[in-house]
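Thanks, everyone. Please have a look at the model first.

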Amino acid sequence: GSPGLDSVYKRYFEMFCEAFDYSKSITLPLCVNDTGCWFENVINVADFKDKCSMCFPQHFFLYEKDFDEQCKQLEQLGDEPYIHDKLFWIGTVYENGTLARKEFAKIQNDRIVNTSNLYISHEDHTKYRYLIDIEGGFQEKCGYSARIVKLLHMKRLLFFVDRPIYSFFDYKLEPWVHFVPVKRDFSDLFEKIAWADSHPD
(Lines give C-alpha, C1' and ligand atoms only; values in the text may rest on other atoms or scores of the structure.)
Protein backbone atom coordinates (compact mmCIF):
# COMPACT_ATOMS: atom_id res chain seq x y z
CA GLY A 1 0.00 0.00 0.00
CA SER A 2 2.98 2.36 0.17
CA PRO A 3 3.87 4.42 -2.91
CA GLY A 4 6.79 3.12 -4.91
CA LEU A 5 7.12 -0.19 -3.09
CA ASP A 6 6.94 -2.28 -6.27
CA SER A 7 10.12 -0.66 -7.54
CA VAL A 8 11.69 -0.99 -4.10
CA TYR A 9 11.11 -4.74 -3.95
CA LYS A 10 12.44 -5.07 -7.47
CA ARG A 11 15.59 -3.26 -6.34
CA TYR A 12 15.90 -5.59 -3.31
CA PHE A 13 15.86 -8.55 -5.67
CA GLU A 14 18.47 -6.94 -7.92
CA MET A 15 20.70 -6.31 -4.90
CA PHE A 16 20.27 -9.92 -3.81
CA CYS A 17 21.29 -11.17 -7.25
CA GLU A 18 24.25 -8.81 -7.40
CA ALA A 19 25.46 -9.98 -3.97
CA PHE A 20 25.40 -13.65 -4.93
CA ASP A 21 26.10 -13.25 -8.66
CA TYR A 22 23.22 -15.59 -9.48
CA SER A 23 21.24 -13.27 -11.70
CA LYS A 24 22.26 -15.03 -14.93
CA SER A 25 22.26 -18.60 -13.73
CA ILE A 26 19.03 -19.20 -11.80
CA THR A 27 15.48 -18.01 -11.37
CA LEU A 28 14.74 -17.37 -7.71
CA PRO A 29 11.37 -15.84 -6.76
CA LEU A 30 12.00 -14.08 -3.46
CA CYS A 31 9.49 -12.14 -1.35
CA VAL A 32 11.26 -9.74 1.03
CA ASN A 33 8.42 -7.91 2.76
CA ASP A 34 7.39 -8.71 6.33
CA THR A 35 4.05 -10.31 5.46
CA GLY A 36 5.01 -12.86 2.81
CA CYS A 37 3.02 -13.98 -0.19
CA TRP A 38 1.34 -17.21 -1.18
CA PHE A 39 2.52 -18.04 -4.69
CA GLU A 40 3.98 -21.40 -5.56
CA ASN A 41 7.79 -21.76 -5.34
CA VAL A 42 8.31 -18.31 -3.81
CA ILE A 43 10.82 -18.05 -0.98
CA ASN A 44 9.35 -15.89 1.77
CA VAL A 45 11.83 -14.11 4.01
CA ALA A 46 8.96 -13.85 6.51
CA ASP A 47 8.87 -17.66 6.82
CA PHE A 48 12.23 -17.58 8.62
CA LYS A 49 11.24 -15.11 11.33
CA ASP A 50 10.89 -17.68 14.08
CA LYS A 51 14.15 -19.43 13.19
CA CYS A 52 16.65 -16.60 13.45
CA SER A 53 17.04 -12.84 13.90
CA MET A 54 16.74 -11.52 10.37
CA CYS A 55 18.16 -8.25 9.09
CA PHE A 56 15.10 -6.93 7.33
CA PRO A 57 15.53 -4.37 4.54
CA GLN A 58 14.50 -0.80 5.24
CA HIS A 59 12.42 0.64 2.43
CA PHE A 60 12.49 4.26 3.63
CA PHE A 61 15.96 4.73 2.20
CA LEU A 62 14.95 3.58 -1.25
CA TYR A 63 11.51 4.94 -2.03
CA GLU A 64 11.29 8.23 -0.10
CA LYS A 65 13.19 10.68 -2.27
CA ASP A 66 13.07 13.44 0.35
CA PHE A 67 14.04 11.16 3.24
CA ASP A 68 17.07 13.22 4.32
CA GLU A 69 15.07 16.45 4.22
CA GLN A 70 12.30 14.91 6.31
CA CYS A 71 14.82 13.83 8.93
CA LYS A 72 16.34 17.31 9.10
CA GLN A 73 12.90 18.80 9.64
CA LEU A 74 12.16 16.33 12.43
CA GLU A 75 15.47 17.21 14.10
CA GLN A 76 14.57 20.90 14.00
CA LEU A 77 11.17 20.21 15.53
CA GLY A 78 12.88 18.07 18.16
CA ASP A 79 14.85 21.10 19.29
CA GLU A 80 11.58 22.65 20.47
CA PRO A 81 10.31 21.78 23.97
CA TYR A 82 7.77 18.98 24.14
CA ILE A 83 4.14 19.95 24.81
CA HIS A 84 2.75 16.75 26.33
CA ASP A 85 4.47 14.98 29.24
CA LYS A 86 3.40 11.58 27.94
CA LEU A 87 4.64 8.51 26.10
CA PHE A 88 3.23 8.42 22.56
CA TRP A 89 2.59 5.61 20.12
CA ILE A 90 0.52 5.28 16.99
CA GLY A 91 0.18 2.25 14.78
CA THR A 92 -2.21 -0.15 13.16
CA VAL A 93 -3.36 -3.11 15.22
CA TYR A 94 -4.39 -5.85 12.81
CA GLU A 95 -6.70 -8.67 13.87
CA ASN A 96 -4.02 -11.21 12.87
CA GLY A 97 -1.13 -8.87 13.57
CA THR A 98 1.72 -8.99 16.06
CA LEU A 99 0.92 -9.83 19.66
CA ALA A 100 3.15 -7.02 20.92
CA ARG A 101 0.91 -4.35 19.41
CA LYS A 102 -2.23 -6.09 20.63
CA GLU A 103 -0.88 -6.16 24.17
CA PHE A 104 0.18 -2.51 24.08
CA ALA A 105 -3.23 -1.46 22.74
CA LYS A 106 -4.79 -2.83 25.94
CA ILE A 107 -2.74 -0.58 28.24
CA GLN A 108 -4.72 2.28 29.73
CA ASN A 109 -2.81 4.94 31.65
CA ASP A 110 -2.78 8.73 31.90
CA ARG A 111 0.89 8.88 30.91
CA ILE A 112 0.36 6.95 27.68
CA VAL A 113 -1.21 8.12 24.45
CA ASN A 114 -2.06 4.91 22.67
CA THR A 115 -3.53 5.66 19.26
CA SER A 116 -4.24 2.86 16.82
CA ASN A 117 -5.68 2.86 13.32
CA LEU A 118 -5.50 6.64 12.95
CA TYR A 119 -3.05 8.96 11.19
CA ILE A 120 -0.85 11.37 13.11
CA SER A 121 2.06 12.99 11.32
CA HIS A 122 5.68 12.38 12.24
CA GLU A 123 5.93 16.09 12.96
CA ASP A 124 3.25 15.77 15.65
CA HIS A 125 5.20 12.96 17.31
CA THR A 126 7.69 15.58 18.48
CA LYS A 127 5.04 17.20 20.69
CA TYR A 128 5.43 14.34 23.17
CA ARG A 129 8.15 13.83 25.77
CA TYR A 130 8.60 10.10 25.15
CA LEU A 131 8.16 7.88 22.08
CA ILE A 132 7.95 4.11 21.87
CA ASP A 133 8.77 1.80 18.98
CA ILE A 134 6.84 -1.48 18.67
CA GLU A 135 7.19 -4.09 15.96
CA GLY A 136 4.43 -4.31 13.37
CA GLY A 137 3.33 -6.64 10.62
CA PHE A 138 0.50 -9.03 9.81
CA GLN A 139 1.89 -12.14 11.47
CA GLU A 140 1.22 -12.96 15.11
CA LYS A 141 4.65 -14.34 15.99
CA CYS A 142 6.66 -11.24 15.20
CA GLY A 143 7.16 -8.37 12.81
CA TYR A 144 9.61 -5.55 12.32
CA SER A 145 9.52 -1.79 12.58
CA ALA A 146 10.12 0.67 9.79
CA ARG A 147 9.46 3.85 11.77
CA ILE A 148 12.45 3.74 14.09
CA VAL A 149 14.54 5.43 11.40
CA LYS A 150 12.56 8.63 11.81
CA LEU A 151 11.88 8.30 15.53
CA LEU A 152 15.61 8.46 16.16
CA HIS A 153 15.75 11.89 14.51
CA MET A 154 13.07 13.44 16.73
CA LYS A 155 15.31 14.13 19.75
CA ARG A 156 12.83 12.56 22.14
CA LEU A 157 13.66 9.77 24.57
CA LEU A 158 12.87 6.57 22.70
CA PHE A 159 11.58 3.42 24.37
CA PHE A 160 12.45 0.39 22.24
CA VAL A 161 10.47 -2.82 22.72
CA ASP A 162 12.48 -6.02 22.42
CA ARG A 163 11.73 -8.11 19.33
CA PRO A 164 12.87 -11.27 17.57
CA ILE A 165 13.91 -9.58 14.32
CA TYR A 166 15.63 -6.34 13.43
CA SER A 167 16.34 -4.05 10.52
CA PHE A 168 19.94 -4.05 9.33
CA PHE A 169 20.93 -0.92 11.25
CA ASP A 170 19.21 -1.83 14.55
CA TYR A 171 22.26 -3.87 15.56
CA LYS A 172 24.26 -0.64 15.77
CA LEU A 173 21.93 0.79 18.41
CA GLU A 174 22.93 0.45 22.05
CA PRO A 175 20.45 0.19 24.95
CA TRP A 176 20.71 3.06 27.44
CA VAL A 177 22.67 5.02 24.83
CA HIS A 178 20.24 5.33 21.92
CA PHE A 179 17.09 4.06 23.63
CA VAL A 180 15.52 2.75 26.81
CA PRO A 181 14.92 -1.00 26.44
CA VAL A 182 11.47 -2.39 27.24
CA LYS A 183 10.50 -6.04 27.57
CA ARG A 184 8.28 -7.43 24.85
CA ASP A 185 5.47 -8.13 27.33
CA PHE A 186 5.64 -4.51 28.63
CA SER A 187 6.01 -5.78 32.22
CA ASP A 188 8.71 -3.19 32.92
CA LEU A 189 7.24 -0.27 30.96
CA PHE A 190 6.01 1.81 33.90
CA GLU A 191 9.22 1.14 35.79
CA LYS A 192 11.18 2.48 32.80
CA ILE A 193 8.93 5.54 32.50
CA ALA A 194 9.45 6.27 36.20
CA TRP A 195 13.20 5.91 35.69
CA ALA A 196 13.11 8.34 32.77
CA ASP A 197 11.08 10.84 34.80
CA SER A 198 13.72 10.81 37.54
CA HIS A 199 16.65 11.01 35.10
CA PRO A 200 15.71 13.87 32.73
CA ASP A 201 19.30 14.41 31.60
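Start with Trp195. At 33% relative accessibility, Trp195 is partly exposed. On terms: buried is under 20% relative accessible area, exposed is over 50%, and partly exposed is in between, using a 1.4 Å probe and protein chains only. Before going on, the ground rules. This is a predicted model, where local features need pLDDT of at least 70, side-chain atom pairs count only at pLDDT 80 or more, and totals for chains, interfaces and linings use all residues. Residues are numbered from 1 along each chain as its sequence is written, and side-chain values use heavy atoms, with hydrogens and water left out.

Now the rings. The structure holds 6 aromatic pairs. Rings of Phe, Tyr and Trp (for Trp, the six-membered ring) pair if their centres lie within 6.5 Å; planes under 30 degrees apart are stacked, over 60 edge-to-face, the rest tilted.

Take Tyr130 and Phe159. This pair is edge-to-face, at 5.3 Å centre to centre and 70° between the planes. Tyr130 sits in strand 6 (residues 128-133) and Phe159 in strand 7 (residues 157-161), so the pair links distant parts of the chain, 29 residues apart. Strands are DSSP runs of E, at least two residues; helices are runs of H or I, at least four; both are numbered from the N terminus. Tyr130 is buried at 2%. Phe159 is buried too, at 0%.

Next, Trp176 and Trp195. Their ring centres are 4.9 Å apart and their planes at 70°, so this pair is edge-to-face. Trp176 lies in the loop between strand 8 (166-167) and strand 9 (180-182), while Trp195 is in helix 7 (residues 189-198), so the pair ties together parts 19 residues apart in sequence. Trp176 is partly exposed, at 47%.

There is also a cluster: ring pairs link Trp89, Phe104 and Phe186.

Which residues of helix 7 are buried? Leu189, Lys192, Ile193 and Ala196. They cover an arc of only 100° around the axis, so they lie on the same side of helix 7. That arc is taken from the directions from the helix axis to the C-beta atoms. These buried residues pack against strand 4 (84-91), helix 4 (99-105), strand 5 (112-116), strand 6, strand 7 and strand 9. Contact here means heavy atoms within 4.5 Å.

Last, Asp188. Asp188 lies in the loop between strand 9 and helix 7. Asp188 is buried, at 6%. Leaving out residues up to four places away in sequence, Asp188 touches Pro181, Val182 and Lys183.
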